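Hi there,

Here is the structure I promised to pass on. Have a look at it first, and my notes follow below.

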Amino acid sequence: MTDSEKRRLGDLEAQMEREDPEFARSLADGRPRSPREYRRGRAWLVLAVAVGCLGFGIGIGHGLLLATGLVVAGIAGHLFDPQRRRPQGPGPDIG
């Protein structure tokens, strides 16, 4: 393996460690787990809460509870998106 290939592999390893340290540790231990973008346990929980809010809001006829269920369902939909990116560094400079 050439030096440039070794350097490239080192860069990829460092990037993976920054983006998903749990996944990188599991690979080093020899027991790989799913990368962060495919772990959706939290999204299912949020979706269950949303469905509960919607169902309960329909059952008792409470508009605010219905609206809360819809907003939480939108949040759950966002959590299911595997291509979501977390903000890196400072935001855009406005002004």
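This is a predicted model: local features need pLDDT of at least 70, side-chain atom pairs count only at pLDDT 80 or more; totals for chains, interfaces and linings use all residues.

Helices here are DSSP runs of H or I with at least four residues, strands are runs of E with at least two, and both are numbered from the N terminus.

Which residues of α4 are buried? They are Gly-69, Val-72 and Ala-76, where buried means under 20% relative accessible area, exposed over 50% and partly exposed in between (1.4 Å probe, protein chains only). Viewed down the axis of α4, these buried residues fall within an arc of 70°, so they line one face of the helix; the arc is taken from the directions from the helix axis to the C-beta atoms. Part of their cover comes from α3 (41-60). On the face turned away from the buried side sit the exposed residues Leu-64, Leu-70, Val-71 and His-78.

As for the whole protein chain, it has four helices and zero strands, in the order α-α-α-α. Of its 95 residues, 13% count as buried.

A note on how to read this: residues are numbered from 1 along each chain as its sequence is written. Local features need pLDDT of at least 70 and side-chain atom pairs pLDDT 80 or more, while totals for chains, interfaces and linings use all residues, and side-chain values use heavy atoms, leaving out hydrogens and water.

Best wishes

Notes: Contact means heavy atoms within 4.5 Å.
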